Structure formats: C-alpha cells, structure tokens
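Thanks for coming. I will keep this short and go through one structure, starting with a pair of helices and then turning to some aromatic rings. Please have the view open while I talk.

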Amino acid sequence: MEGVNEKVKEEVETQNDSGPPELGKWAEIQCMLKNRVITVDDFPWRLPPPHSQSQQQSEHEELLRYVGGVDVSFSKEDPSTACGSLVVLDLHQSLSLVYQDYTCLSLDVPYVPGFLAFREAPIVVHLLEKMRNNANPLYPQVLMVDGNGLLHPRGFGLASHLGVLANLPTIGIGKNLHHVDGLTQSGVRKLLDTEENRDKDVITLRGKSGFIWGAAMRTTQSSIKPLFVSIGHRVSLDTAIKIVKMTCKFRVPEPIRQVNRVLCFLVKL
C-alpha cells in the first residue's frame, strides 16, 4: 500500500514550525518538493483493458481498480472554515462509490496565489493518513485532484504537492485554465475550434517555451467547455488522459464529480 512520504512531510512541518508562514519560506519548500516530482509512470499496476470485467487476469498481475478523488471547499459564510473530502471509486464495479470520508476545520493559513496547496494539502493528507493507518484495502492506487499539477503558474499545483507529500500517483483535473507560458483559456478554446482540431477529443497544451504543460480534453461529445488535465506525480500525461477517459460519464471525471457532490452538501450545513 502506498504511504505518506514521512521524510518529506517531516521536512515541510519542520520548516513551518517557526511561526506564521512567510512567502519566502513557502517558495523554498515549494521548490524543494517540486524537485521531487516524477513525471513518468511509476506504479506497480497496469491499466485494465477494455471490458476488463470479462477478461481474466494473471494471479500476480495488479490492475488499476481503486481511483480516488479529493477536493477542498470553503464556507461562503465563514471563509476560514474548510471542508475536505476523499472518495474512492471501483473501476471494476462500474465506477461505484466504495469509500468516502470528510473533515471540516477552521484554518488560519492565508490564501496566497500560487501557494494554495499550503492551505489545502494538509487537510487531504490527513484523510489519506487516516485511511492508510487503518490499513483500508480500498486505499486509492491513483488520486485525482480537483486542481492542477504541472499546469500551474509556478509549475507545481495542488495535485503535484499532494502527490509528493502522500507518495501517491496523482492527476490534476482543472475546470479552468491558468494563464501559463502564453496559454489562455480563450486561446485554447479557439484552438479547439480550428478545423484541424474540431474532431479531436484531446489537444496538447504546449506553451510558448515549447514545454508541454498538460492537455485540454473534450471528455464527452456534448462537452462545450474543455477539461484541463495535467501530471501531478508518478503518472505520465498519456496515462493520466487514459485514466480520465476511463472515469468519465459526464464532463467531469466521476471521482471529482462525486467528491464535489459531497462538498456541495457539506458547505451548505
């Protein structure tokens, strides 16, 4: 079972123990974690083939089965109150919801653009640790994060931050596009509408620098707005796209859609 990267977590906590977080210290920690991101496939399982329920698998073969989804939302009435949720879906059982948990707490960590993970990541890490410490057999093999990974103004969004801290393969799922390296939401929509790309369900997001930041996806035929997929940690972009396609019934992948539903209910309480 994957486990929280205790060494990395200890380093982050040690550097945060000195008092209120300072932007310079956050930048230093972020740079340290960013250097540990793995952008290629680094996991023991393989993707299930189409219609895998009807196919036999080797006794020693591990297939991707449990896909997690996480998100954090804040109360509109009290922005210091945060609710985080974790769900796990079973790919082998038609994406049925097999696990869910949440926590709500008051935060005194400020929101700083580009450093959102310092506010939200500890909430999700707590939920993952709780599941791991209970040796839960449904612990996710890969985690979808409602937020970006590499597709981020600083190249290190919540999905990557969480992946390194939790030592878990992660995928960034963005509903909107950060303006990064010349990429803009309006520009990507125009690109999708060109004759060359009109029939494609995925286009690569290559910035002016030539760097590939992620992909824009039409996840269903009826989708008007694209979804923005990026590497988080330990999953290549190609594999991330395949997993997103496997888990989409609507525009948003089911792990993210289900965790959004949980949080929508919680923040109304």
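Helix 3 and helix 4 cross in a right-handed sense. This is a predicted model, so please take what I say as computed from it. Two packed helices are described by the angle between their axes and the distance between the axes. Here, helix 3 covers residues 117-133 and helix 4 covers residues 158-166; their axes come within 10 Å and cross at roughly 45 degrees.

Which residues make the contact between helix 3 and helix 4? On the helix 3 side they are A117, F118, E120, A121, V124, V125 and L128. Helix 4 contributes L158, H161, L162, L165 and A166. Sorted by class, this contact has ten nonpolar residues, one polar and one charged.

Now stay with helix 4. Is it mostly covered or mostly open? Mostly covered: of its nine residues, nine are buried. They are L158, A159, S160, H161, L162, G163, V164, L165 and A166. Just past the end of helix 4 comes N167, with a positive phi of about 55 degrees.

Next, the aromatic rings. How many aromatic pairs does the structure hold? Five. One of them joins W26 and F118. That pair is stacked, with 4.9 Å from centre to centre and 10 degrees between the planes. W26 belongs to helix 2, residues 23-34, while F118 belongs to helix 3, so the pair ties together parts that are 92 residues apart in sequence. You will remember F118 from the list of residues in contact with helix 4.

Are W26 and F118 buried or exposed? W26 has 3% relative accessibility, which counts as buried. F118, at 9% relative accessibility, counts as buried too. The cut-off for buried is under 20%.

Another pair is F43 with W45. Their ring centres are 3.7 Å apart and their planes sit at 5 degrees, so this pair is stacked. W45 counts as buried, because its relative accessibility is 4%.

Finally, back to W26 and F118. Together with F115 they form one aromatic cluster.

How values were computed: Residues numbered from 1 in each chain as written. Predicted model: local features only at pLDDT ≥ 70, side-chain atom pairs only at ≥ 80, totals over all residues. Heavy atoms only, no water. Axes fitted to C-alpha atoms, helices over the stretch in contact; angles between N-to-C directions. Helix = DSSP H or I, 4+ residues; strand = E, 2+ residues; numbered from the N terminus. Left-handed = near helix turned anticlockwise from the far one by under 90°. Contact = heavy atoms within 4.5 Å. Nonpolar A, V, L, I, M, F, W, Y, C, P; charged D, E, K, R; others polar. Buried < 20%, exposed > 50% of the residue type's maximum accessible area, 1.4 Å probe, protein only. Phe/Tyr/Trp six-rings, centres within 6.5 Å; stacked < 30°, edge-to-face > 60°.
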